[in-house]
Amino acid sequence: VHLHRDILAGTLFVVIGALALLGARGYPVGTAMQMGPGYFPVALSWLLILLGALVGVRAARARDWQPLAWDWRPLAWISISILAFGFLMPRFGLVPALLAMFPLAAAAGRQSRWHEVVLLTLVMSAFAAAVFVYGLKLPYRLVAF
Amino acid sequence: MGVTESLALGFQVALSAQNLAYCFAGVALGTLIGVLPGIGPLSTIGLLFPLTFYLPSVPALIMLAGIYYGAQYGGAITSILLNLPGETSSAVTCLDGYPMARGGRAGAALAISALASFLAGCLGTLLIALAGPPLGEWALAFGSAEYFSLMLMGLVGSAVLTQGDAVKGLAMVVVGLLIGLIGTDVNSGLPRYAFDVPELVDGVGFTVIAVGLFAVAEIATNLERREPQTAYTGALTSIMPNAAELARSFWPALRGTGVGAFFGLLPGTGPALSSFAAYMLEKKIAREPARFGKGAIEGVAAPEAANNAAAQAAFIPTLTLGIPGTAVMTLMLGAMVMQGVTPGPQVVTGNPELFWGIVASMWIGNLMLLVLNLPLVGVWVRLLRIPYRWLFPCVVMFCCIGNYSVNNNPVDVYLCAALGVFGYVLAKLECEPAPLLLGYVLGPLMEEHLRRAMLLSRGDPTVFVTRPISLVFMIATLLVLLFTLRGLDLRIVRRE
């Protein structure tokens, strides 16, 4: 049993429910017969808070806690590489975006080797240009400054 | 129109050179990506699904069905050779498939899995052709109350019966329903949870959720593992199973098909439950149950037939009722909606080319899987040796380009990164993302039907229990919930 994780999960659900409730403040709730745009969201928010509390309380009562091992490093590099692609793509074109994305993504792997990364970046950028721009004719510029 | 004529129409559509080519491309690409280690069937479909945006609806859905079968078979290959199930439904295949591979019968296990799937596919296609139209006709009588209760049953079923904790599954459904509400409310025109971000007024894109929550989070969890994954890459001596193996697999495959078709029809249960049930059945009636788990061919044939039959049968509620039973079916439903097809009883009568074209192409997809995969199994096995450190940056690339290509808008790419982080947190907390996806797709529909049902009943909630069909769905939902709350364990595939 992994109960420490369920306390976190329960808390996460309660927080999401509370935020959804907060966000739905301004939406007219209406009546059961004439439901406004706020009716369903408010009902769901309360349901989520309830379920989250159930998950959390059930875990807290069992007290058999185990620590969680988080490893944020790979996730951080992957996210940065995706964000870099999104930022560079409309500004500089497909090829520069991929040239930045590949090394940043590869940094997430412990076993990545730099000469392989260089090769992979070049080969896959050429592949993407050929498949997406020439093959599928997506309206992207390869390089734009 | 009789079934024969309808099937003839379907084959006419599916056998056009263009549609055959897309079916072939889908099967080949699906297997290619699905077999790559660390990329499960859901991610495979999510990644390849932007490729079909630019096609008209019939070829797009035919190609998707092909991708689906390919990805599914790719999952069977990794289960047998790597002991690494891509999704829950192939977890059971590992039990005997991997020992068979260790015992030098990898080729036979792969061939039997393809043949059993093909047998199930043929019968499953027939079942869709026979059961789809009557079910669609029956569903024409459904009002909003029936649809709401049916969706409730599907959502509760998917949350409770998949792996993991039932209460957390229910919470995930609610999170998905809430995400589905993001965007403009159809009735009042009020943007909800959009926070003045123009991109959110149209709602969160389907690709963003599918790719971010499944593919990106999957990479992050895979990279955490310290030990590198090693494939069983011993020589594949003979691909064809011998006569004894074929004979031993026939009845299990047939029984598996029956079990699978039964569970597949129930929304929310799907392939995972059926493959496990089929395996247990074979073990129960076997003369030497001790052989199971040590490389019994029946233990490969029955679950593989069952999950293919269940997947096939799951198309019936997806196509005729618009209620997907599994996460993969949710992706298919999302694809249909993006193609401008509203799944529901009207599809069968109003769009027969589409319905029967898909039914026929499923059979053709199964056949292609057989002719493509039996000879090419050596190639797929070689793909297993590609190191993950080369693969995952390429997956990231497909995630980026796929999301960007939907609207040519970088915001979708940023959202995908954010959902990747969310997906990683959920994976760490052992919250299954599949029920969330189902909730996200059904959310807007469910709200719409709830509002309409309550308006028609003048605010009287008893409408859900006074209409007989709706009452049946409500009782079924209640029974599932009661069984779960009483602690009777319906969850059968559990993580260690």
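Trainee: pLDDT is the predictor's confidence in each residue, from 0 to 100. Where in chain A is confidence lowest, and where is it highest?

Mentor: Helix α5(A), residues 114-135, is lowest with a mean of 88, and helix α3(A), residues 72-92, is highest at 93. Helices here are DSSP runs (H or I, at least four residues), numbered from the N terminus. This is a predicted model, in which local features need pLDDT of at least 70 and side-chain atom pairs count only at 80 or more, while totals for chains, interfaces and linings use all residues. Residues are numbered from 1 along each chain as written, chains are lettered from A and ligands numbered from 1 in written order, and side-chain values use heavy atoms, without hydrogens and water.

Trainee: And what are the chain averages?

Mentor: Chain A has a mean pLDDT of 87, with 95% of its residues at 70 or more. Chain B averages 80, and 91% of its residues score at least 70. Over residues 488-496 of chain B the pLDDT is below 50, although this stretch has 20 contacts (heavy atoms within 4.5 Å) in the model beyond near neighbours in sequence. Where pLDDT is low, the predicted coordinates should not be read in detail.

Trainee: What ipTM and pTM does the complex get?

Mentor: The predictor gives an ipTM of 0.91 and a pTM of 0.82.

Trainee: Switching to chain B, how many residues of helix α3 (41-48) are buried?

Mentor: 8 of the 8, so α3(B) is largely enclosed by the rest of the structure. Buried means under 20% relative accessible area with a 1.4 Å probe, protein chains only. Among them are P41(B), G46(B) and L48(B).

Trainee: What do they pack against?

Mentor: Five helices of chain B: α2 (17-35), α4 (57-82), α10 (206-224), α14 (327-338) and α17 (388-407).

Trainee: How about E298(B), buried or exposed?

Mentor: Buried, at a relative accessible area of 10%. E298(B) sits in helix α13(B), residues 298-321. Its side chain makes a polar contact of 3.0 Å with that of R291(B); the term covers N or O pairs within 3.5 Å, one able to donate a hydrogen and the other to accept it, and residues adjacent in sequence count only through side-chain atoms. Leaving out residues up to four places away in sequence, E298(B) touches several residues, including R248(B), E282(B) and F292(B).

Trainee: What lines it?

Mentor: The lining of the largest cavity includes Y69(B), Q72(B), E304(B) and N366(B). Helix α4(B) supplies the largest share, 4 residues.

Trainee: And the volume of the second largest pocket, what is that?

Mentor: About 1200 Å³. It is lined by 50 residues, with V337(B), Y440(B), V441(B), P444(B) and L445(B) nearest its centre. Helix α19(B), residues 433-456, gives the most to this lining, with 9 residues.

Note on methods: 1 Å grid on protein atoms, 1.4 Å probe; cavity = no way out; pocket = protein on both sides within 12 Å on 5 of 7 lines; lining within 4 Å. Points joined across faces, edges and corners; volume = space filled by probe spheres on them. Helix = DSSP H or I, 4+ residues; strand = E, 2+ residues; numbered from the N terminus. Buried < 20%, exposed > 50% of the residue type's maximum accessible area, 1.4 Å probe, protein only.
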